[in-house]
Amino acid sequence: HVFNAKINNNALEGNVSLTYSGESRASFLYVFNNLRTEMKNEALEYYLKRADRNMMVDNIETSDLENRDDQLSIDFNLKQDNAVSSFDDEIYINLDYNQEYGKWLFNERNTDYEFAHKEYLSSEINLELPEGYKITELPKGIDVNTKNYKIFVDFELTDNVLHYKKVFVMKDAVVKKSNFKEWNETIKNLQSIYNQQIILVKD
């Protein structure tokens, strides 16, 4: 998942590129190809918008969705409304619309959590800063690598582009009950990042 974004009024706009392989590709194609033909375009748009009324997608291009062997890719233009607010000389940005694993706290669970399959998710948002603005402070990232999972989040500023990268790896498709405390602490740190706005000020 790569989103190359710019700020336009109170929206983030840009191009999104999605790629799927392995089990994620197989699962997507199974569901999509079992839809009635007249429902497929509408269902794909609904999926890409994540049922969010603040999302608008267009210019959708896909690889061959009938081919179960090649890597699956989807490219589209995205406009995310209500993601940007301006006050005087400051701009506040809610950058992350996916927030993967942000609600995965195991507070009351008493057994291991097993995923349907091993998972590897990589996400990147590249935000072009508007001319004349700078970031007040880069959020701190996360780098947790255990026997069962890896969660990595990083922010880097290169020239006038903010690179926001995330990697989630579920190595053996399970989070052990014995690791719940560490897992929950990591997810709470992840939630803090998701809730933190990016603040731009005039340079």
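Student: Is M170 buried or exposed in this predicted model, and what is its relative accessible area?
Tutor: M170 lies in strand β12. Buried means under 20% relative accessible area, exposed means over 50%, and partly exposed is in between, all with a 1.4 Å probe and protein chains only. M170 counts as buried because its relative accessible area is 1%.

Student: Where does the numbering start, and which pLDDT do side-chain atom pairs need?
Tutor: Residues are numbered from 1 along each chain as its sequence is written, and side-chain values use heavy atoms, with hydrogens and water left out. As this is a predicted model, totals for chains, interfaces and linings use all residues, local features need pLDDT of at least 70, and side-chain atom pairs count only at pLDDT 80 or more.

Student: Which residues does M170 touch, not counting those up to four places away in sequence?
Tutor: Touching here is a contact, with heavy atoms within 4.5 Å. Leaving out residues up to four places away in sequence, the partners of M170 are Y101, F115, K118, E119, N148, Y149 and W183.

Student: What is the strand order of the open sheet of 8 strands?
Tutor: Strands are DSSP runs of E with at least two residues, helices are runs of H or I with at least four, and both are numbered from the N terminus. Two strands pair if DSSP finds at least two bridges between them. The pairing in this open sheet is mixed, and its order is β3-β4-β2-β1-β8-β12-β11-β10.

Student: Which strands stand at the edges of that sheet?
Tutor: An edge strand has a single partner strand, so one side of it is left without a neighbour in the sheet. That is how it stands for two strands here, β3 and β10.

Student: How many bridges join β8 and β12?
Tutor: On one side, β8 (residues 119-128) pairs with β1 in the parallel sense over 5 bridges, with F3 opposite I125. With β12 (residues 161-170), the sense is antiparallel, and E128 stands opposite V161. The number of bridges between β8 and β12 is 10.

Student: At about what angle does α3 run to β11?
Tutor: Axes are lines fitted to C-alpha atoms, for helices over the stretch in contact, and angles run from 0 to 180 degrees between N-to-C directions. Helix α3 lies across β10, β11 and β12. To β11, it runs at about 25 degrees.

Student: In the largest nonpolar core, which residues have the most contacts?
Tutor: A nonpolar core is a set of buried Ala, Val, Leu, Ile, Met, Phe, Trp, Tyr and Cys residues joined through side-chain atoms within 4.5 Å. The largest one has 52 residues, and helix α3 (residues 180-195) gives the most to it, with 6 residues. Those with the most contacts inside this core are I93, L95 and W183.

Student: Why is the ring pair of F106 and F180 called tilted?
Tutor: Rings of Phe, Tyr and Trp (its six-membered ring) pair if their centres lie within 6.5 Å; planes under 30 degrees apart are stacked, over 60 edge-to-face and the rest tilted. By this rule there are 16 aromatic pairs. The centres of F106 and F180 are 4.8 Å apart, and the pair is tilted because the planes are at 35 degrees.

Student: With which residue does the side chain of H1 make a polar contact?
Tutor: H1 is in the segment before β1 and counts as buried, at 15% relative accessibility. A polar contact is a pair of N or O atoms within 3.5 Å; within protein, one must be able to donate a hydrogen and the other to accept it, and residues adjacent in sequence count only if both atoms are side-chain atoms. At 3.0 Å, the side chain of H1 meets the side chain of S123.

Student: What is the strand order of the open sheet of 4 strands?
Tutor: Its edges are β5 and β9, and β6 pairs with β14 over 4 bridges. With antiparallel pairing, the order is β5-β6-β14-β9.
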